[in-house]
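Hi everyone, thanks for coming.

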Amino acid sequence: MAITVPRPDLNWRERMFLPAIAAGLAITIKHFKNMIFCRTKVTMEYPEEKWDPHLPDHYRGAPALVRDSDGRVRCVACQLCEFICPPRAIKIIPGEISKNDRFAKVEKYPDEFDIDMIRCIYCGMCEEVCPEQAIFLRKDYAITGFTREDMVHHKDKLLEIGGVIHGVVLKWNQKK
Amino acid sequence: MDYFFIGTSLLKIVCLLGFVLGLMNYAVYAERRVSALIQDRLGPNRVGFAGLLQPIADAGKFLLKEQFTPAHVNKLYYWLAPCLAMIPAVITMSVIPFGSTLFGVPMVIADVNVGILFVFAIASLGVYGIVLGGWASNSKYPFLGGMRSSSQMISYELSLGLSVIPIFLLVGNLRLTYVVQYQVEHGWLVAPFVGDWTNPGNWLLAIPMLISFVVFMIAVLAETNRLPFDLPEAEQELAGGYHTEYASMKFGLFFLGEYIAMITGSGIITTLFLGGWHFPGIPDGSHGWVFGLINIVVFFAKVCALMFFMMWVRWTLPRFRWDQLMRLGWLFFFEIALVNIFLVAIILAYFKF
């Protein structure tokens, strides 16, 4: 059924629209004035002012590999993140840990760990799927480069972003 | 024909054209900043100090872009249209007295005795640029924009012409310098607080002059395709209207033509209603070149204030629907302007100015 929208019945002053136009002009000039005298502060001027101190803890920035308090790269090259990654941004080449290493029972380590930051969609699935708490999404968001090669984060770069993490489960310690 | 006249005229042409082109560039910048500030944004503030070099960057971008001509257009008219949109607006500047005198030289390029008629004659040519641009583009949206533009301009030309007749009933001369001179002696037409302002007839006349001023102002907004009358370009409905198919400097010319038309329109309003270069208490250029310069500054300050008003209106009011626009033009402004002529005629006959 068609609904007839009732038109408001305007008196002659409202039908001239001049008071309404004047009211509109008053509103816009008020905004203009407040901006001129810096009373309105909405825009954050990016390169000078940044979000960084206000980023929430759950912010999903660039993914990064971490070392634990023993200085070991926590990644065991299980390649789960490589499989889960929706845009297939991660490429891992596993290497074998030598027998006389302190962490020999871990058996594998990532020989190469590349994340193509052009592909990465910052979904955080790698972090979610990782059984070793080895990959985390950090707060870096300004990922830039001049070439496509620049945009691929290799293992060194990932570890540099990640740094050392404390207070996580250390399941490969000798005592266990 | 003496060489002094030719020399000073050339100098005036070069200076005024250069100044107006610069003013137009900064009008674009001002438009962007004003719109931004009204909407609680910042606007372009990166290029140079507070973004003051932005117009130069824009011009450089326009000039360096590819001069692309689509295959389906009518080449001759496609290339002609931007020039036709720009040139009339520039030519109109020539009859506007932008100052009193400087070193004894009158500050108007061509002091023709048909001043306002010349302005209307040339300004109406501006519609050809838009119509040709819309038609030559050979595509739907520009065509609709061109059609809208032609009907809108014809409709509002009527109220534009009729609303200035009261002035010339009062002043009795079409020469624009004479209109300004009259206002110097008798007070500004919309605000006669200078000259013989104690005369009640003067104040009574200010009422129809105010009506004229409002009608003329709105008609100028419509003539220059400014919001709330920007139906020919209507970004949201027509994807840019008559300049949809244009790019690079050809689009730039349309754009700049619109802003020069704004400057010219403001200049005419200033000349006709707001006392031109006159400011209460400041004598004209015959008392020294400093005053001549101040008069020019006063004129352009008034022009800038009017242009700010146009921008303010643009970022406040929404666009009219097409039938509302036509209804407003033909049923209200036309009648108001017509009645206003009779009103002024009666006042003039009764008070015998």
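Some housekeeping before I go on. This is a predicted model, where local features need pLDDT of at least 70, side-chain atom pairs count only at pLDDT 80 or more, and totals for chains, interfaces and linings use all residues. Residues are numbered from 1 along each chain as its sequence is written, chains are lettered from A in the order in which they are written, and side-chain values use heavy atoms, with hydrogens and water left out.

Back to Ser35(B). Its relative accessible area is 5%, so Ser35(B) is buried (buried is under 20%, exposed over 50%, partly exposed in between, with a 1.4 Å probe and protein chains only). Not counting residues up to four places away in sequence, Ser35(B) touches Arg41(B) and Trp315(B), a contact being heavy atoms within 4.5 Å.

Next, the interface. Here 14 residues of chain B meet 15 residues of chain A. About 1400 Å² is buried between the two chains, with carbon and sulfur atoms giving 71% of that; this is the accessible area, 1.4 Å probe, that the two parts lose on being put together, summed over both. The rule finds two salt bridges across the interface, meaning a side-chain nitrogen of Lys or Arg within 4 Å of a carboxyl oxygen of Asp or Glu. Glu45(A) forms a salt bridge with Arg46(B), and their closest N and O atoms are 3.0 Å apart. On the chain B side, helices H1 (3-38) and H10 (289-314) each supply at least two of the residues that touch chain A.

Now to another helix, H7 (residues 200-223) of chain B, which holds Phe213(B). Phe213(B) counts as buried, because its relative accessibility is 17%. Leaving aside neighbours within four places in sequence, Phe213(B) is in contact with Val190(B), Ile269(B), Phe273(B) and Leu274(B). Its C-alpha atom is separated by 19 Å from that of Arg175(B), 38 residues apart along the chain.

Last stop: Met147(B), in helix H5 of chain B. Why does Met147(B) count as partly exposed? Because its relative accessible area is 45%. Thanks, and I'm happy to chat!

Terms used
Helix = DSSP H or I, 4+ residues; strand = E, 2+ residues; numbered from the N terminus.
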